[in-house]
Amino acid sequence: MKLKRFAALGATCLLLTGALTGCSKELEEAQDNLNKAGLAAINRSQIVKIETSDEINDYVFSGADFLLEGQNYTIDVNGFTESQNGQKAYACLKYDVPASEFAQIDAKDSVEVLNAIAKVVNEYEMKSFEYAPMKSLTEFNKTIGKTFESPLDGYNYSSNLTYSVKSITFNEQEGYVSFKTNQNVDYVKRVTRTTLVYNGKTMVPIVQTQYYHEKFNQEHEIFIKASPEEMQAMKEDKSLIFDKFIRVVKEEQKSEYVVKAGNIQNQKAFDDAPEYDMSR
């Protein structure tokens, strides 16, 4: 079985991470069309109603994770949602489609990729739906970034954009709740050099600082300890999972959680992916 995994970020996320320096009208329209397709798919799906009773009235595509297995793609179409009562959440719409759907798509063309994903969302039945509600997506994103360790010597964490939260699991036997995330992470190395410069009279030292950035697409799995009472409450209201995670990280209760890094690869924008043959 041939496995292939890569991520395609939405226009909004590319702009936020600095991976996209300009946003054409065509790309804005493609993003808007995908947003509308995602919202329509959520509202017509019975699978969504099983997962949440929230009346979702807004969806913004954040990124798609592609896994090629044999002649089919499993696609996680990730996004941010907001319900009628203001509940924010990460949502994942999962589809299984023939690889032929992407055979003629140029992976370097952002508009083509977004439109192809929108076509899948419009024409195929959703295989499954995942929903991760939380009080603040921004606070969660900032908090999780504090837990990351750089994969490069001399580089430190700078910033990140989490574009998916999914695979919430309750392990009652071992007493923990877990979930998986995907994000683009920026690491920076600060290099300071002192040089001598002649000012017309004498040599004077000048301090120069340079910053070197490396960006990666990363997967993480987070484990949080939970008592039986906490776990039951979290099952009834999943936002409590992320409340506790934010709290224990802020309070530096490192015995209460574990963050494991998974797949990591250099960040790739749509227009920086010549090696991707989307049909194979």
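A contact here means heavy atoms within 4.5 Å.

**Figure 1. Overview of the predicted chain.** The model is predicted, and its secondary structure comprises 7 helices and 9 strands. Among contacts between residues at least 6 apart in sequence, 68% join residues at least 24 apart. Of the 280 residues, 45% count as buried. The accessible surface comes to about 14500 Å², and carbon and sulfur atoms account for 47% of that area.

**Figure 2. The largest nonpolar core, with 33 residues.** Val 77, Leu 93, Tyr 95, Ile 117 and Phe 129 have the most contacts inside this core. Two or more residues each are given by α2 (25–44), β2 (56–69), β3 (72–83), β4 (88–98), α4 (110–123) and β5 (128–134). Helix α4 provides the largest share, 7 residues. In soluble globular proteins, nonpolar side chains tend to be buried together.

**Figure 3. Surroundings of Leu 93.** Leaving aside residues up to four places away in sequence, Leu 93 touches Gly 38, Ala 41, Ile 42, Tyr 59, Ile 75, Asp 76, Val 77, Met 126, Ser 128 and Phe 129. Within the largest nonpolar core, both Leu 93 and Val 77 belong to the residues with the most contacts.

**Figure 4. Another core, of 28 residues.** This core lies apart from the largest one, and its members include Met 134, Tyr 155, Ile 224 and Val 249.

**Figure 5. A nonpolar surface patch around Tyr 198.** Leu 196, Tyr 198 and Met 203 make up this patch of about 350 Å². Tyr 198 is found in strand β7 (residues 176–198). Tyr 198 counts as exposed because its relative accessibility is 52%, the cut-off being over 50%.

Note on methods. Residues numbered from 1 in each chain as written. Predicted model: local features only at pLDDT ≥ 70, side-chain atom pairs only at ≥ 80, totals over all residues. Heavy atoms only, no water. Core = buried A, V, L, I, M, F, W, Y, C linked by side-chain atoms within 4.5 Å. Buried < 20%, exposed > 50% of the residue type's maximum accessible area, 1.4 Å probe, protein only. Helix = DSSP H or I, 4+ residues; strand = E, 2+ residues; numbered from the N terminus. Patch = residues over 30% accessible without salt bridge, like charges linked within 9 Å, V, L, I, M, F, W, Y side chains within 5 Å. Areas by Shrake-Rupley, 256 points an atom, 1.4 Å probe, with all protein chains shown as cover. Salt bridge = Lys/Arg side-chain N within 4 Å of Asp/Glu carboxyl O.
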